[in-house]
Every structure is written in structure tokens, then in C-alpha cells.
Amino acid sequence: MLPSSMRLKAKRDPRSAPENLPSCRFCGSPLAHLFVDLGAQPPSNAYLEPAALGRMEATFPLKAHVCERCFLVQLEAFQTPDEIFGHYAYFSSFSQSWLDHAKRYATQATERFKLGDDSQVVEVASNDGYLLQYFRAAGIPVLGVEPAENVAAVARGRGIATVSLFFGRETARQLVREGRQADLLIGNNVFAHVPDLNDFTAGLAIALKPTGTVTLEFPHLLRLIEDCQFDTIYHEHFSYFSLTTAEKVLAAHDLTVTDVEELPTHGGSLRLYALHRGTALPSAAVVALRQREAKSGIIDISAYRGFAERTAKVKRELLRFLIDAKESGKHVVGYGAAAKGNTLLNYCGIGGDLLDYVVDLSPHKQGRYLPGSRLPVHAPEMLAQTRPDFVLILPWNLAPEIEQSMGHIRDWGGRFVTAIPRLAVRP
């Protein structure tokens, strides 16, 4: 159930209704309702090289709106997909828990859909081959569609066939011409990343064989609201979905959601299974989650009120902790140069005055600087060298994995801290 503060009677907020309203990227309705304003921020994955520190960074409004008609929570697009994803800094294979998740899914899907050497698995936004490698190891033909050439090159180096294209109708038709329609078409954490939502979804229907299945994973909007996960809002996440809204988007392109799973990933995600219209009926799990979302109030505009104030409270709590720690002579650093961490740091105005530095496992981020806060990114070995008093875990969804791998900070009395959904100094 949504917090009571989110269920207040809706009032028109004049600040959320400028003369020139943006339009919903799905249904085209004017977006008169502001969900949350996180200020002007640089793109969350625009990590800085040392030579760039003397130059200004581009910043863009980070405002999430909610559509009163279809309840799609969304950002305006200020950059093109090529500007955001043409050269990408995120490589999926640097999270062991995510690799484990991918391997479990590959095993489950292979059994569920009876995939074999005569099947075709296609993943959209396939990144560095983190998932397709498991299908390929089982002898199943795979193809990745990954627009970031630098990331796609890593996948190809692993033997994963990958094309560097943005996905939509045109790319889907190319796959059909090449005889690569999918028995299983996968989109993990990409549905939120596409500014042209209708073109992308239409492409899914085109690229899918008549008897094929689409699976989509994305953070669940209901969990975002319940747990105040505002840091998952950043410029490359254009849309935020409930099951109810995702069903509407897919149905508009003749795809039916036939099953759903609730996953722990990214603080609470959904995995949808969709087929061409008329081939199957929704499962009991789909019906139950629809009903739970309706009961929560998520299909009433009043459910979105109060989120901004809860977000501001998280900001105040974190700043209070960091200021008190610094004034007490304590050293605080960050773990994880994650996009969500950049949203948090820049919304709170946190820089080198409150955090000494950030560490990250990815060598693609080490030696660079976080956008906005300009905190230096080091390898995790830096923790043992400087022995900080507190380590603020920015990708809080990976906190158990990080605490296990970095448990040695407790040897000198160091402690882990998370800020979402509320400040917690962890034992």
C-alpha cells in the first residue's frame, strides 16, 4: 500500500502547469502533473576525464512528470539517444549478482521455452554480452542489439554476435529480412531507456516470431514510490512503469502480457512475458498484480502527491549525517560510481567537501570523475589505503554484495551507510 502521504486529495499545482506543456510519449496527453523535480543535473553517465575538469558541464532539468491519462511517469528528452548511449560507461559484467541473475534467467528460459540449436534468442540493449553468453554456452544461436559501439565491441570479443544499432521498427525489419526473428526476444532494463516508446514497442512486435515470447525487465514504479527510490530517476531513464501502464503500451502494439514475475533486482523489478495478441490469456499472477496496483492507488493521480517532499526528507537526513560526520573529524567515502549515485549526489549538492572520493570495480570508470560532483573515482583498493570511517553505498540495491566483498573495512572500525529509502548506518 502506498504511504498515506501519497494518497492526499489531488490539488492543481500551478508550478507543474506551464503554458507549453510537454506531451506524454505514449498517449500524447499534456503532462500537467509534476511528480518530482530533482534540479538541473548533468547526464548521470557523463563521467569526466581529468582534462575536462577545467570546462563547464552541460546540465539539463531532471523533472519527472506523470500522465493523468495512462499514468506513465516520464522525463522530457533533452539529448538524443546517440548522445547518451553512443559511447557508454556502464558494463553489466562488473556486478557478480547481476551475472548470477542473468545465468538463472538463461537456465529458466531455456527450459521454459524449450530452446535449442534451432532457436533464435535476440537481446535488445545486450551490453557486453553478460546474458547472451549463457545461451551461447548452451548451443543456442544468439544476437545482441547494442547501440554503444564501445560496449558492443567487448561482446563481440567474447564471441557474441552483436550489431551496433538502436532498436525500433527499422532495426526490427532488418532482423526479419536477415531471417533473425526471435523465438525469445529479451529487453532487460531497456524499456525505460527509449525516448520513442511507440517505435520501440512496435519493433518488438515486428522482430518476434508468431509463436515467440518477449520478456522485459524494468524497475517497478510501485516500488519506486513506496521506497522513495528517487535516485533511479536520471536522464537516460525516460519512462517509469507500473504493470498497468506497461500493459497499455504493449497492447497498443498488439502484444499481450501473459505472465509477470516480481524480482528483487534494482530495488524491485518486474519481468513481463508478452506474446502476440490472441495467442494466450493473462495468468493469475498478472491479474493479482493488476488488482494490487489498483488497490495501492497507482492509477489515481492523487497517489503521486507527496513524493517530492519525501524525497526532500531523504536529502536533509543524508546531509545532516555527512555534515555531522565531517565536523566530528570523520572521513566518509562513496562506493559505486553508479548512475543512481550521481542523481543522489547532485540532487543533494554533495561534493568533495563531504565525500573524499568514490571507488568502483569498473576500470572504465577508475581514473575519471563523477559528473556534477566531480569526485574522483578510484579502485576499491583505495579503501584499505585510507581507512575511512564510513562508506556510503551509492548503489544501495547491491548493498549485501558490496558489504560481503568489502567486509574488511570493519577491521579498522569502518561502517557502511545507505541513504535510500531512509538513512541507515549499517552494523
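The structure is a predicted model, in which local features need pLDDT of at least 70 and side-chain atom pairs count only at pLDDT 80 or more, while totals for chains, interfaces and linings use all residues. Residues are numbered from 1 along each chain as its sequence is written, and side-chain values use heavy atoms, with hydrogens and water left out.

**Overall build**

- The secondary structure comes to 13 helices and 17 strands, where helices (H or I, at least four residues) and strands (E, at least two) are DSSP runs numbered from the N terminus.
- The radius of gyration is 22 Å, close to the 22 Å that the globule rule gives for 427 residues, so the protein is as compact as a globular protein of that length; this radius is taken over C-alpha atoms, and the rule is 2.2 Å times the number of residues to the power 0.38.
- Taken along the principal axes, the C-alpha atoms fill a box of roughly 65 × 55 × 40 Å.
- Buried residues make up 56% of the 427 residues, with buried meaning under 20% relative accessible area, exposed over 50%, and partly exposed in between (1.4 Å probe, protein chains only).
- Among contacts (heavy atoms within 4.5 Å) between residues at least 6 apart in sequence, 70% join residues at least 24 apart.

**Surface and charge**

- The protein exposes about 17600 Å², of which carbon and sulfur atoms supply 52%; accessible areas come from the Shrake-Rupley method with a 1.4 Å probe, and for residues only the protein chains shown count as cover.
- There are 45 positive and 46 negative side chains, and the centres of the two sets lie 4 Å apart; Lys and Arg count as positive and Asp and Glu as negative, without His and the chain ends, and each charge is placed at NZ of Lys, CZ of Arg, CG of Asp or CD of Glu.

**Helix α8 and Val-249**

- In helix α8, which spans residues 243–251, 7 of the 9 residues are buried, so the helix is largely enclosed by the rest of the structure.
- The buried residues of α8 pack against α6 (197–207), β8 (208–219), β10 (255–263), β11 (269–276) and α9 (284–296).
- Val-249, found in α8, is buried with a relative accessible area of 0% and, leaving aside its neighbours within four places in sequence, is in contact with Phe-26, Phe-191, Leu-197, Thr-201 and Phe-241.
- Although Val-249 and Leu-72 are 177 residues apart along the chain, their C-alpha atoms are separated by 9.5 Å.

**Helix α4**

- The buried residues of helix α4 (residues 149–157) are Val-151, Ala-152 and Ala-155.
- Seen down the axis of α4, these buried residues fall within an arc of 100°, so they line one face of the helix; the arc is that of the directions from the helix axis to the C-beta atoms.
- The buried residues of α4 pack against β6 (162–163), and the helix is followed by Gly-159, whose phi is positive, near 85°.

**Backbone features**

- Most residues other than glycine have a negative phi, and most peptide bonds are trans.
- Cys-228, in the loop between α7 (221–226) and β9 (239–240), has a positive phi of about 50° and counts as buried at 2% relative accessibility.
- Arg-374, in the loop between β13 (358–359) and β14 (377–378), has a positive phi of about 60° and counts as partly exposed at 25% relative accessibility.
- A cis peptide bond, with omega about 0°, joins Ile-420 and Pro-421, and Pro-421 lies in the loop between β16 (415–418) and β17 (424–426).
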